[in-house]
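Take a look at the structure below. Then read on for a short tour of its helices, a strand and its confidence values.

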Amino acid sequence: MKTTRNTSRVRAVPIVLGLALLAALAPVALASTGTTSLTGAGATFPYPLYSKWFDMYHEKTGIEINYQSIGSGGGIQQIKAGTVDFGASDAALSDARLKEMPRRIIHFPTVGGAVVLAYNLPSVRQPLKLTPALISGIYMGKITTWNDKRIGAANPGVALPAAPILPVHRSDGSGTTNIFTTYLSAVDGPWKEMVGANTSVSWPVGIGGKGNEGVSGLIRQTQGAIGYVELAYAKQNKLPVAHVRNRSGQFIEPTLASTTAAAEGAAPMLAKDVRYPIANSPAPTAYPICGLTFLLVYQDQKDPGKAHALAGFIEWAIHDGQSVAPSLDYAPLPDAVVKVNEGSLRRLTLGGKPLLANR
């Protein structure tokens, strides 16, 4: 799949480098002849950033990375089947799912992102405010019109239309869905009991769109629609997004700063297990519907060229690549998570022997 070049301006952010790791990995990029290629598949959530990264890394090293933006469920299936060099998922694999894999998988978090409630209400000029109960009520089919008094109570003085609400959700297996339903399960007991959290759930109401692209398109085309997408997709489609009430009782706009607050607030737990969910953060300024996105990589690699190329790309992404993330509204990794990733790179093996020792 040919990646598209994004010319957004890059804003630099502080980065802590693992000098010993960089020294071990540097020869890989320098020695590249441009003949190595990698294949990956999965999450649509980080695709705007991954597309940019793959172009930048190709220019730097000559290594081409072909990526299919097919959803986290597809990415998990393809890495399990061994048809790609890496999978990509916004849903971390549970212990049970890890045991289903043919070999040990390592999670590499790449960035954090916000899942936003985008909507199509042309008559509403100011940002819509939504509480956890309202979001759950809409997706449970209990709140069906925009002028419902419960929505009005959260939006005093706003003239809400007497129009039906069309909830839009993902039709494919999706890490974005996992982040959204993980949040709803954390804030609403009936949702947790009746629907739960997963990459795919049985939706009580609404219509489905494939990928963040499909959901964004349905919202843009349909007045009265509301749906959950990654922030970059809402911005690309010029869709307004709701401010969501967080655990501190504040209505928070989804921004780079409020997403970063959620990731940094969970840093101590992430240092112990990068799979820890960052949704519904207790941080006062955190936007509540956030998550990390991951590369899924087999610990024991089989092909020397691909193993070196993949390790080199991951090293670049978790260090130099982080400076690109803010320009596309993704939150750079906290330093504690970068350190975990550096340790995970040292755990990669080639034919059962440490990969870094082969360099």
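Buried means under 20% relative accessible area, exposed means over 50%, and partly exposed lies in between, with a 1.4 Å probe and protein chains only. This is a predicted model: local features need pLDDT of at least 70, side-chain atom pairs count only at pLDDT 80 or more, and totals for chains, interfaces and linings use all residues. Residues are numbered from 1 along each chain as its sequence is written, and side-chain values use heavy atoms, leaving out hydrogens and water.

**Overview**

The protein has 359 residues, and 57% of them count as buried. It holds 14 helices and 14 strands. These are DSSP runs numbered from the N terminus: helices are H or I with at least four residues, strands are E with at least two. Contact means heavy atoms within 4.5 Å. Among contacts between residues at least 6 apart in sequence, 76% join residues at least 24 apart.

**Confidence**

pLDDT is the predictor's confidence in each residue, from 0 to 100. Its mean for the protein is 90, and 89% of the residues reach 70 or more.

| Stretch | pLDDT | Contacts in the model |
|---|---|---|
| Residues 1-20 | below 50 | 46, beyond near neighbours in sequence |
| Residues 26-34 | under 50 | ten, beyond four places in sequence |

**Helix H2**

Helix H2 covers residues 47-61. Eleven of its 15 residues are buried, so H2 is largely enclosed by the rest of the structure. Among the buried ones are Tyr 47, Trp 53, Phe 54 and Tyr 57. H2 reaches 20 Å from its first C-alpha to its last, close to the 21 Å expected at 1.5 Å a residue. That expected span is 1.5 Å times one less than the number of residues. Gly 62 follows H2, and its phi is positive, near 85°.

**Helices H13 and H14**

The axes of H13 (residues 304-318) and H14 (residues 335-347) come within 10 Å and cross at roughly 170°. H13 is therefore roughly antiparallel to H14, a label for angles over 145 degrees. Ala 311, Ile 314, Glu 315 and Ile 318 in H13 meet Val 338, Asn 341, Glu 342 and Leu 345 in H14.

**His 169**

Where does His 169 sit? It is in strand S6, residues 166-170. At 9% relative accessibility, His 169 counts as buried. Beyond its neighbours within four places in sequence, its contacts include Tyr 139, Trp 203, Val 215 and Tyr 228.

Terms used
Axes fitted to C-alpha atoms, helices over the stretch in contact; angles between N-to-C directions. Parallel < 35°, antiparallel > 145°, perpendicular 65-115°, else oblique.
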